[in-house]
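Got a minute to go through some labels and where they come from? Let's take them one at a time, value against cut-off.

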Amino acid sequence: MSIDITIIGTGNMARALSTRALAAGKNLQVLARNTEAAESLAAELGRGTVSGNAAEAPAGNIVILALPFDASKEYIQAQGSALDAKILVDISNPVDFATFDSLTTAEGSSAAEEIAALTSASVVKAFNTNFAGPLTAGNADGTAQDVFIAGDDAARTAVAEFVTAAGMRPLEVGGIRHARELEGFQLLMMAMQVNPALADFNWNTSLQVAG
């Protein structure tokens, strides 16, 4: 079986993205440092999902890094040239989780750009503005999820096609440098989720463009 998409990780976002990949009719591989966790998620997902250890080379042309920022960098450095021909999707938000008041990346940069500097793979920023609950469903209150995508044209288009097939709306915002705006905006969104004064905000909030 040819693998279309490999997802690295087994957390809530990995599970949500795996669900969307299967909804898109994609052949899926789940890899994680904890092989048993990957096997468990693959069994839960079913439909021919295969699993393995994150130390092995990913089989999918699109590799989604469902990992925190630092873990994504470690993964890329460990894989090296095995990622050269891949499209890498960075979903991370480099937020200072102690304060939810700042990003941990250097000013004028982004997590996606720092990841891109470590590999010759085509890096795309996507799904960082989506929370796991609505993403699992693919919609929020019946409205298809908006997925903001930044990256080089060909790789960005490939990810947009996946998003469309998964029942969501791709919003292509331009090159990888626009990951800075996407990460900065999500910092504000996450800060609102944890603000007790904003009772209507929670982790099921969905960022949508209306009109």
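This is a predicted model: local features need pLDDT of at least 70, side-chain atom pairs count only at pLDDT 80 or more; totals for chains, interfaces and linings use all residues.

Q: Why is the pairing of arginine 15 and glutamate 44 called a salt bridge?
A: The N to O distance between their side chains is 3.0 Å. The cut-off is within 4 Å, from a Lys or Arg side-chain nitrogen to a carboxyl oxygen of Asp or Glu, so the label applies.

Q: What makes this a link between distant parts of the chain?
A: Arginine 15 sits in helix α1, while glutamate 44 belongs to helix α2 (residues 35-45), and the two are 29 residues apart.

Q: Why is arginine 15 called partly exposed?
A: Its relative accessible area is 28%. Buried would need under 20% and exposed over 50%, so arginine 15 lands in between.

Q: How do you know that glutamate 114 and lysine 73 form a salt bridge?
A: Their N to O distance comes out at 3.9 Å. With the limit set at within 4 Å, the pair qualifies. Glutamate 114 is in helix α4 (residues 111-116) and lysine 73 in helix α3 (residues 69-79), so parts 41 residues apart in sequence get tied together.

Q: Buried, partly exposed or exposed: what are glutamate 114 and lysine 73?
A: Glutamate 114 has 24% relative accessibility, and lysine 73 has 22%. Buried stops at under 20%, and exposed starts at over 50%. So glutamate 114 is partly exposed, and so is lysine 73.

Q: Which residues are linked with Lys73 and Glu114 in a network of salt bridges?
A: Asp70 joins Lys73 and Glu114 in that network.

Q: What makes glutamate 183 and lysine 125 a salt bridge?
A: The closest N and O atoms are 2.7 Å apart, which is within 4 Å, so the pair counts. Glutamate 183 lies in helix α7 (residues 179-193) and lysine 125 in strand β6 (residues 122-126), 58 residues apart. Both glutamate 183 and lysine 125 are buried, meaning under 20% relative accessible area.

Q: How many salt bridges does a search of the whole structure find?
A: The search turns up 10.

Q: Which residues have the most contacts inside the largest nonpolar core?
A: Those are Ile64 and Phe127, in a core of 35 residues. Helix α1 (residues 12-23) supplies the largest share, 6 residues. Apart from this core there is another, of 18 residues, including Leu31 and Val63.

Q: What is phenylalanine 127 in contact with, leaving aside neighbours within four places in sequence?
A: Among its contacts are Met13, Leu17, Val89, Phe148 and Met168.

Technical notes. Residues are numbered from 1 along each chain as its sequence is written. Side-chain values use heavy atoms; hydrogens and water are left out. A nonpolar core is a set of buried Ala, Val, Leu, Ile, Met, Phe, Trp, Tyr and Cys residues joined through side-chain atoms within 4.5 Å. Buried means under 20% relative accessible area, exposed over 50%, partly exposed in between (1.4 Å probe, protein chains only). Helices (H or I, at least four residues) and strands (E, at least two) are DSSP runs, numbered from the N terminus. Contact means heavy atoms within 4.5 Å.
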